[in-house]
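Colleague: I have a model open and want to learn how to read it. Please take me through a few features.

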Amino acid sequence: MPLYIYNTLTRAKEAFEPAIPGHVGIYVCGPTVYADPHLGHARGPIVYDVLRRWLHYQGYRVRFVSNITDVGHLTDDADQGEDKIQRRAKLERLEPMEVAEKYMWRYFDEMQALNVLRPDISPRAAGHIPEQIELTETLIRRGHAYVANGSVYFRVRSWPGFGKLSNRDIEEQEAGARVEVREEKEDPRDFALWKRADPEHLMRWNSPWGVGFPGWHIECTAMSLKYLGDGFDIHAGGVDLQFPHHEAEIAQAEAAGHAFARYWMHHYHVLLNGQKMAKSTGNLVSLAELRARHEPMYVRFYLLNSHYRSVLDFTDEGLEAARNGYLRLLNAYREVRRYLPQAPSGSHPGLEQALQTLYRDFSAALDDDLNTPQAIAALFNFVTELNKALAERPGRDSLAKAEKAFAELGEGVLGLFPPRVLESQLGGALLEGLVGLLLELREEARAARNFALSDRIRDRLAELGVVVEDTRQGPKWRVEV
RNA sequence: GGCGCUGUAGCCAAGUGGUAAGGCAGAGGUCUGCAAAACCUCCAUUCACCGGUUCGAAUCCGGUCAGCGCCUCCA
């Protein structure tokens with residue numbers, strides 16, 4: 001069964017067919033690196049990470065490109081206002097490129113904590129000025145752009161396709177309703193490809209039109225075409241980018257004579273306690289803050305537990321529920337790993353059946369426009385059967401397959417079980433030895449029916465994050481993540 | 001004003017024509033010194049409301065109400 005993707009361009013689920021069989025090119029609009037990444041920055045990367053992992057699992061060779069915007073993104077989309085990086089640089093008394101560097105690494109660090117695979121290419125806008133200039137020249141040559149007072153603007157009126165992605169009739173957009181008309185533009189809807197740099201502007205490059213800097217939209221067109229080629233497969237980003245950013249990207253590419261992305265995916269936003277996350281209201285939580293309080297996998301699980309095209313309301317209560325659900329899956333995985341070495345040979349019919357169901361349901365869910373909540377439900381159903389089987393000392397063959405399922409579906413595709421959550425966080429023989437010693441003493445206390453002492457040991461260990469459980473085979477312990 | 005989305009149990013969340021997945025929380029039980037984990041049972045005759053189409057609708061159509069997103073910095 002093929003993968004179906006909801007294509008914003010056609011507003012329908014379409015069977016995905018790569019331009020080149022066996023290969024997939026994906027471009028995801030990345031962050032403008034001028035502030036600490038917040039919770040909202042996590043959804044897109046996680047969703048498209050799962051897309052990438054799913055395609056990879058199915059044998060595709062994926063090239064995953066996600067840009068870093070380090071120039072050209074103004075504080076105002078009307079081609080006025082200040083460059084965000086520059087503004088931050090003044091605030092922090094840093095070079096603009098120091099700002100970009102600093103926040104880019106913070107972004108990468110948070111993505112790593114969320115177990116998001118690094119893109120194959122993370123192109124930076126400032127490193128692709130020649131490509132952007134060249135594309136701009138082509139647009140001028142073809143009559144779709146014009147020079148005005150040292151800046152270059154895209155002539156929106158010259159491109160009838162403008163508006164097709166966001167279903168907007170450009171002729172009906174009221175001129176200057178939202179946008180202050182800038183004198184030098186032919187039409188208020190025209191957007192900048194290149195901006196003349198005022199003397200005080202810090203980031204500046206030479207161009208055929210004088211000293212300036214690139215417009216925001218042009219970078220993604222130039223870089224996606226450079227690394228993925230004409231007519232590449234998938235272009236993705238947040239809904240907020242649909243208009244005008246993606247619309248502009250399409251116009252720039254096609255007006256320059258290139259076929260552009262064939263599938264467009266847009267994820268919806270995360271609300272925080274029912275309110276939109278916005279810098280202006282302060283209703284934000286940075287990923288660093290979240291990470292200080294919770295295992296990042298809870299967040300990843302939480303986000304994947306709703307569909308990417310629906311608005312998700314992030315609450316403390318929801319995070320708690322996500323945590324508990326996640327631990328149910330994790331504990332089952334850990335149990336499999338624990339029992340596998342001592343499992344008898346043979347297989348377990350019930351487990352074999354459950355595995356088959358898991359693979360079937362999981363695949364069907366992801367093939368249906370990345371229905372991760374349903375894929376997770378398949379995992380839960382499997383875990384119930386697995387836990388039942390586990391009580392019957394299942395054979396090694398089936399158990400090994402169960403471990404493989406967790407590894408390739410749970411971690412390989414959903415990215416929910418990185419090594420750090422599978423092992424004890426401290427790790428090492430010292431911890432093993434110390435806990436072993438305490439449990440030995442505790443067993444002696446229990447044998448002597450000194451439950452005050454045995455409970456104290458258990459409670460104190462729990463406070464330290466070591467959960468102790470008594471079983472028929474003796475005490476079991478694990479480090480809570 | 002334009003474009004679009006949503007309304008499913010206490011909470012989260014799948015399901016787009018065939019008789020309500022899954023998780024969390026809660027109740028009872030098994031196990032346990034007590035717990036924990038795990039397992040078993042229970043937990044929406046009903047899918048915002050009103051009409052319509054259909055043998056049959058949470059799912060399609062019309063309307064009403066409510067909430068939300070984008071169009072403006074934003075993922």
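Colleague: At what angle do helix α10 and helix α12 pack, and how far apart are their axes?

Modeller: First, the ground rules. This is a predicted model: local features need pLDDT of at least 70, side-chain atom pairs count only at pLDDT 80 or more, and totals for chains, interfaces and linings use all residues. Residues are numbered from 1 along each chain as its sequence is written, while chains are lettered from A and ligands numbered from 1 in the order in which they are written.

Modeller: Now the idea. Two packed helices are described by the angle between their axes and the distance between the axes. Axes are lines fitted to C-alpha atoms, for helices over the stretch in contact, and angles run from 0 to 180 degrees between N-to-C directions. Helices are DSSP runs (H or I, at least four residues), as are strands (E, at least two), numbered from the N terminus. Here α10 (residues 349–367) and α12 (residues 396–411) pack at about 20°, axes 9 Å apart. That makes α10 roughly parallel to α12 (angles under 35 degrees count as roughly parallel, over 145 as roughly antiparallel, 65 to 115 as roughly perpendicular and the rest as oblique).

Colleague: Which residues make the contact?

Modeller: Contact means C-beta atoms, placed from the backbone, within 7 Å. From α10 come L351, E352, L355, L358 and F362; α12 supplies S398, K401, A402, A405 and L409. By class, 7 are nonpolar, 1 is polar and 2 are charged. Nonpolar covers Ala, Val, Leu, Ile, Met, Phe, Trp, Tyr, Cys and Pro; charged covers Asp, Glu, Lys and Arg; the others, Gly among them, are polar.

Colleague: How do α4 and α5 cross?

Modeller: The axes of α4 (129–141) and α5 (residues 216–228) come within 9 Å and cross at roughly 100°. The two are therefore roughly perpendicular. E131, Q132, L135 and T136 of α4 meet I218, E219, T221, A222, M223 and K226 of α5. That contact has 4 nonpolar, 3 polar and 3 charged residues.

Colleague: Is A125 buried or exposed?

Modeller: Count C-beta neighbours, placed from the backbone, within 10 Å: 20 or more is buried, 12 or fewer exposed, in between partly exposed. A125 has 27 inside 10 Å, so A125 counts as buried. A125 sits in the loop between α3 and α4. Beyond four places in sequence, A125 touches N67, T69, D70, V71, G72, P214 and E219. P214 is 89 residues away in sequence, yet 8.5 Å away in space, C-alpha to C-alpha.

Terms used. Two residues are in contact if their C-beta atoms, placed from the backbone, lie within 7 Å.
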